[in-house]
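The following questions and answers go through a single model. Please look at the sequence and coordinates before reading on.

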Amino acid sequence: FVFSPHVFPFTTDSLIYISTAQSIREGNGLVFDNVFVEPPEPEILALKLHPPGYSFLIAFCQMLGMNAHTAAVLIPRLFFLLLPMGFFLVFRYFMSGKLSMVTAVLCTLLFSTLRCALMAWTDIPFLFLSLISFFFVFRVGKTQNNEQLISAFLSGVFTGCSLLTRNVGYALLFSIASGFLFMGLLKI
């Protein structure tokens, strides 16, 4: 909130997310209003670049009575509040509890993370979902039997959610699949 007055939270990407959310809410499907052509026309091209997960979250908030622009800014900020927990859950597999807490707070308060949290972008929701995916991957190596299967399943669910949020999720999917392959080969 301290930095908020100094940041204009909307960009062209934000316009695509919000317009797609409004189309979803109105029942018009996964299209956005291309305002860069005269007259504005519905278009699906941008959805190849921007997966619809964030737009679905905005549309859900709209169904709860929230303004689309407010929802688009609020969602990254809510995920930002969860980031320290996500970082901590991952870091605690590599370092002590106290050091994990300090590192989690420092990673959350990086300028780039703060800046993205103030924008109507998908970066922060994607980061949180990715961290939780990795948490469950690491948990697979530490647990056994049913708990191991549940952790693998939840890792897949969160990876899928992150893939719906950003196309960079394909790299996450590849790295997690590779991690499971190496864990199988090394019998971890």
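Buried means under 20% relative accessible area, exposed over 50%, and partly exposed in between (1.4 Å probe, protein chains only). This is a predicted model, in which local features need pLDDT of at least 70 and side-chain atom pairs count only at pLDDT 80 or more, while totals for chains, interfaces and linings use all residues. Residues are numbered from 1 along each chain as its sequence is written, and side-chain values use heavy atoms, with hydrogens and water left out.

Q: Is L186 buried or exposed?
A: Helices are DSSP runs of H or I with at least four residues, numbered from the N terminus. L186 lies in the segment after α9 (169-185). Its relative accessible area is 61%, and because exposed means over 50%, L186 counts as exposed.

Q: Which residues does T108 contact, leaving aside its neighbours within four places in sequence?
A: T108 is found in helix α5 (residues 97-108) and is buried, with a relative accessible area of 4%. Its C-alpha atom is separated by 6.3 Å from that of L83, 25 residues apart along the chain. Contact means heavy atoms within 4.5 Å; with the sequence neighbours left aside, the residues in contact with T108 are F80, L83, P84, F87, T113 and L114.

Q: Which backbone oxygen does the side chain of T108 reach?
A: A polar contact is a pair of N or O atoms within 3.5 Å; within protein, one must be able to donate a hydrogen and the other to accept it, and residues adjacent in sequence count only if both atoms are side-chain atoms. At 2.8 Å, the side chain of T108 reaches the backbone oxygen of A104.

Q: How many disulfides does the structure hold?
A: A disulfide is a pair of cysteine sulfur atoms within 2.5 Å. C116 is buried at 15% relative accessible area, whereas C161 is partly exposed at 32%. The number of disulfides in the structure is zero.

Q: Which residues does S151 contact, leaving aside its neighbours within four places in sequence?
A: S151 lies in helix α8 (residues 145-165). At 1% relative accessibility, S151 counts as buried. Sequence neighbours within four places left aside, S151 is in contact with F136, R139, V140 and T143.

Q: What covers the buried residues of α3?
A: Helix α3 spans residues 53-63, and its buried residues are G53, Y54, S55, I58, A59, C61 and Q62. Just after α3, G65 takes a positive phi of about 100 degrees. The cover of the buried α3 residues includes α1 (12-25), α4 (68-91) and α8.

Note on methods: Helices (H or I, at least four residues) and strands (E, at least two) are DSSP runs, numbered from the N terminus.
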